[in-house]
Amino acid sequence: MAGSARLCVTNQKGGVGKTTVAINLAGALNERGRDVLFVDLDPQGNATEGLGLLEAYDADPPTLLDALVDPTDVDLDDLVYDHPEMDIVASNVDMNAADSTLARQPDPETKLDAVLTELETDYDVVVVDCPPYLGLVTDNALYATENLVIPALAEPTSKRSLELLFDYVGSLEMDHDIEIEPRALVANRIENTKAADNMLEWFDDALPDVPLYRVRKRVALQRAFADGKSVFAVEENVDMESVFASMAEQLEDERATEEVPA
Ligand SMILES: Nc1ncnc2c1ncn2[C@@H]1O[C@H](COP(=O)(O)OP(=O)(O)O)[C@@H](O)[C@H]1O
Ligand SMILES: [Mg+2]
């Protein structure tokens, strides 16, 4: 990617694969030779814990929340942790107070943008893992990245959650006069059922302009997560690697195209 790029992995529904997709997309970008900064914005800290940073999650202030409130008040480099595949801004238990704390700040949706502007000079790409609800924390991810990767289960409840997400994104765009682009839809945990086939068709029809990726239900994805890695860093060959690899490639290609001056 020329210059640095920012992506957020969002869906307000829990358990749809945000964290799984975020980690494996980061792994795929790393595999392509990019320097990746992974930001765990979910107060539950699943990615932070999964990537082996439980101590960071429980660390005393200053934490990610302090940085969001006032980036100039925190040495931001202290918030970045090492991992073999990526650098990580860890979540922290204090992030559970983020929505209410940010609500008392001026321009509360713009805080992550300021933090990333400071941090991203060392990276090619930033991947943000979002919490499973809409609110100020997710607003920060949407505002800072303007690029969405949306995981959704291949089941009918996803119709409602995607509608809700797009309505929400639309009003944030209006409020801030910005454009937030859906870059990838990831049908996740696909099984061999008629219902899943129908949903894949629905995704294609509903969002014809958004590339659709198909991630099948694989225990290997859970094993890699339990191992604190993406599928690219585990010994076993996982067939879903190719899906994340083409997602990473296409996201980079799109960006390269957009950067060509008119
Ligand atoms: N394609 C998949 N195959 C098998 N298990 C999956 C897949 N995607 C996610 N999971 C599992 O489903 C659970 C929820 O996924 P997660 O990525 O944590 O979702 P979210 O971040 O949206 O809450 C986790 O236990 C994860 O390992
Ligand atoms: Mg998650």
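Modeller: A salt bridge is here a side-chain nitrogen of Lys or Arg within 4 Å of a carboxyl oxygen of Asp or Glu. The model under discussion is a predicted one. Under this rule, 12 salt bridges are counted.

Let us begin with Lys217, which pairs with Glu191 in a salt bridge whose closest N and O atoms are 4.0 Å apart. Lys217 belongs to the loop between β8 (212-216) and α10 (219-226), and Glu191 to the loop between β7 (181-190) and α9 (194-206), so this pair ties together parts that are 26 residues apart in sequence. A residue is called buried under 20% relative accessible area and exposed over 50%, with partly exposed in between. Lys217, at 44% relative accessibility, is therefore partly exposed, and Glu191, at 40%, also counts as partly exposed.

The next salt bridge joins the side chains of Arg6 and Glu120, with a distance of 2.9 Å from N to O. Arg6 is part of strand β1 (residues 5-9), while Glu120 sits in the loop between α6 (111-119) and β5 (125-129); the pair therefore ties together parts that are 114 residues apart in sequence. Arg6 has a relative accessibility of 10% and so counts as buried. Glu120, at 16% relative accessibility, counts as buried because its value is under the 20% limit. Arg6 and Glu120 also belong to a network with Asp113, joined by salt bridges that share partners.

A further example is found within a single helix. Glu163 forms a salt bridge with Arg160, and their closest N and O atoms are 3.5 Å apart. Both residues lie in helix α8 (residues 157-176), three residues apart, which is about one turn of the helix. Glu163 has a relative accessible area of 45% and is partly exposed, whereas Arg160 counts as exposed at 52% relative accessibility.

An N or O atom in the side chain of Lys18 lies 2.8 Å from an oxygen atom of ligand 1. Another oxygen contact of ligand 1, at 2.9 Å, is with a polar backbone atom of Thr19. A nitrogen atom of ligand 1 is 3.0 Å from a polar backbone atom of Arg216. Of the 560 Å² of accessible area that ligand 1 has on its own, the protein covers 81%.

Definitions and conventions
Residues are numbered from 1 along each chain as its sequence is written. Chains are lettered from A and ligands numbered from 1 in the order in which they are written. This is a predicted model: local features need pLDDT of at least 70, side-chain atom pairs count only at pLDDT 80 or more; totals for chains, interfaces and linings use all residues. Side-chain values use heavy atoms; hydrogens and water are left out. A polar contact is a pair of N or O atoms within 3.5 Å; within protein, one must be able to donate a hydrogen and the other to accept it, and residues adjacent in sequence count only if both atoms are side-chain atoms. Accessible areas come from the Shrake-Rupley method with a 1.4 Å probe; for residues, only the protein chains shown count as cover. Helices (H or I, at least four residues) and strands (E, at least two) are DSSP runs, numbered from the N terminus. Buried means under 20% relative accessible area, exposed over 50%, partly exposed in between (1.4 Å probe, protein chains only).
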